[in-house]
Amino acid sequence: MLIRLNTTDDSIRQLNEENLLLRQRNRELEEMANEKETQMQDFPSSCLGFEDEQGIRQIKVPGEPTEFKVLCDSKIAGPGWTVVLRNLGDENFNRNWTEYENGFGYLDSTFFRGLAVLHVLTQSQPHELYMVVYSKDGSEFSNHFDNILVGGESEGYRLKSIGNPKTENFIFIKNQVNAKFSTYDRNNAKTEINYAAQKQSGWWYSTGSQLRLTGWDPNAKQILMLIRPKM
């Protein structure tokens, strides 16, 4: 009887181990299937693919290995815009080079989407730029530029073009074309004064202009920078 009981216990233990291994294998197969399904999803290459939809979406730029999240907007200046900078005055923009390169903040609040993403998007196809500041008194200042192009990391994420403006607002950025991006720990402007350290925020500073959207005006309510593929 004792031998039988031990044999039964061993059989039950073996069955439990086999069931555990089977469940683990099923979970692995499920995860592999989910990963494959995600990889096969046809993500739009920009926010234009979502038409009038708003909010956080995933896009995949042709030639890039993975998709990534962006904030899409269709109310400020029409459909299909990607918000690359939103400054609500509640975030520290005095960040180092790596943080500006990769992006920081939260897409549902204040954030900078990152120089690497700006480069990937604008080099994939021609893009336009929209800049706007909403003031606490209800007024707004905006401008549309018809061709933004940002170089890659080896070029210091140079602002290679912004195209032609529609108004005179934010015209300072025309004096920053061909400037490399600077941060407090990387003065790519090669100026005696590190303007990024002085202004406590990264930007395409040049000797021609030290204005930027990463700074904060106490009269501002919200500062935005958006891009969209040219239609």
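Predicted model: local features only at pLDDT ≥ 70, side-chain atom pairs only at ≥ 80, totals over all residues.
**Entry 1: strand E9**

I started with E9, residues 220-229. How many of its residues are buried? Eight of the 10 are, so I logged the strand as mostly covered, taking buried as under 20% relative accessible area.

Next I looked up its pairing. E9 pairs with E3, residues 81-87, in the antiparallel sense, and I noted five bridges there. Asn87 has Ile223 of E9 as its bridge partner. E9 also pairs with E6, residues 127-135, again antiparallel, over nine bridges. On that side I noted Ser135, whose bridge partner in E9 is Ala220.

**Entry 2: the nonpolar cores**

I then turned to the largest nonpolar core, which holds 43 residues. Which of them touch the most other members? I wrote down Leu129, Ile173, Trp203, Trp204 and Met225. Several elements supply at least two residues each, among them E2 (68-73), E3, E6, E7 (140-150) and E9. Helices H2, H3 (115-124) and H4 (195-199) are also on that list. H3 gives the most, with five residues.

**Entry 3: Arg95**

Arg95 was my next stop. Where does Arg95 lie? I found Arg95 in the loop between E3 and helix H2, residues 97-102. Is Arg95 buried or exposed? Its relative accessibility is 15%, so Arg95 counts as buried, the limit being under 20%.

I checked what surrounds Arg95. Beyond four places in sequence, Arg95 touches Tyr100, Phe104, Thr183 and Tyr184. Tyr184 is 89 residues away from Arg95 in sequence, yet their C-alpha atoms are 7.3 Å apart.

**Entry 4: salt bridges**

I counted five salt bridges. Two of the ones I looked up involve Arg95. Arg95 bridges to Glu91, with the closest N and O atoms 2.6 Å apart. Arg95 also bridges to Glu99, where the closest N and O atoms are 2.9 Å apart. I logged Glu91, Arg95 and Glu99 as linked in a network of salt bridges.

Glu91 has 27% relative accessibility, so I marked Glu91 as partly exposed. Glu99 comes to 28% and is also partly exposed. Arg95, at 15%, is buried.

I looked at one more pair. The side chains of Glu155 and Lys160 form a salt bridge, 3.0 Å from N to O. Glu155 is partly exposed at 25%. Lys160 is partly exposed too, at 35%.

**Entry 5: Ser46**

Last, I looked up Ser46. I found Ser46 in the loop between helix H1 (2-40) and strand E1 (55-59). Ser46 has a relative accessible area of 6%, so I recorded Ser46 as buried. What does Ser46 touch, not counting residues up to four places away in sequence? I noted Ile59 and Pro229. Ile59 falls within E1, residues 55-59, and Pro229 within E9, residues 220-229.

Methods: Residues numbered from 1 in each chain as written. Heavy atoms only, no water. Helix = DSSP H or I, 4+ residues; strand = E, 2+ residues; numbered from the N terminus. Buried < 20%, exposed > 50% of the residue type's maximum accessible area, 1.4 Å probe, protein only. Contact = heavy atoms within 4.5 Å. Pairing = 2+ DSSP bridges. Core = buried A, V, L, I, M, F, W, Y, C linked by side-chain atoms within 4.5 Å. Salt bridge = Lys/Arg side-chain N within 4 Å of Asp/Glu carboxyl O.
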